[in-house]
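This report looks at one pair of packed elements and at one residue in its surroundings. Please keep the sequence and the model in view while reading.

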Amino acid sequence: METTTWRLIRDVVHGDSKMRASGLSELCERYREPVYHHIRRHAVDDAEADDLTQSFFLVVIQGDFLSRPSPMLGRFRTFLIQALTWHIAN
C-alpha cells in the first residue's frame, strides 16, 4: 500500500499545475515543523532556524528535489533528513 507522502510526491512531480501546487502546499505544511525542529537541534537560534527552514523549502519547491526520492530506496523522511543535514552543512 502506498503511503500518502509518496502519493503527494507523485502528484507534485507528475501532476498538473493544480495537483503540483496542492501537493507542495500539503508537503510543506506536513514537514515544516519536523524540519524546523531538526534544525534547532543543531544549536542554532530561532531566527536562524526559521531562515534555514525557509531556504530548505525553497530548494524543495524550486528544483527537481522531489524527483530524486523513491519508495524503492527507503522512507521519504530519511531522504528528507539527509538532504536537510547537507543543506545545514552548506
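The text below turns to a helix pair and then to an arginine.

The model is predicted, so that local features need pLDDT of at least 70 and side-chain atom pairs count only at pLDDT 80 or more, while totals for chains, interfaces and linings use all residues. Residues are numbered from 1 along each chain as its sequence is written, and side-chain values use heavy atoms, with hydrogens and water left out.

Helices here are DSSP runs (H or I, at least four residues), numbered from the N terminus. The axes of α2 and α4, which are lines fitted to C-alpha atoms over the stretch in contact, with angles from 0 to 180 degrees between N-to-C directions, come within 11 Å and cross at roughly 50 degrees. The two helices are therefore oblique to each other, a term for angles that are not under 35 degrees (roughly parallel), over 145 (roughly antiparallel) or 65 to 115 (roughly perpendicular). The contact (heavy atoms within 4.5 Å) is made by the residues tabulated here.

| Helix | Residues in the contact |
|---|---|
| α2 (residues 17-40) | Leu27, Tyr31, Pro34, Val35, His38, Ile39 |
| α4 (residues 76-89) | Phe76, Arg77, Leu80, Ile81, Leu84, Thr85, Ile88 |

Arginine 40 also lies in helix α2, and with a relative accessible area of 32% it is partly exposed, that is, between buried (under 20%) and exposed (over 50%), for a 1.4 Å probe and protein chains only. Leaving aside residues up to four places away in sequence, arginine 40 touches Asp45, Asp46 and Ala49. The C-alpha atoms of arginine 40 and threonine 53, which are 13 residues apart along the chain, are separated by 9.8 Å.
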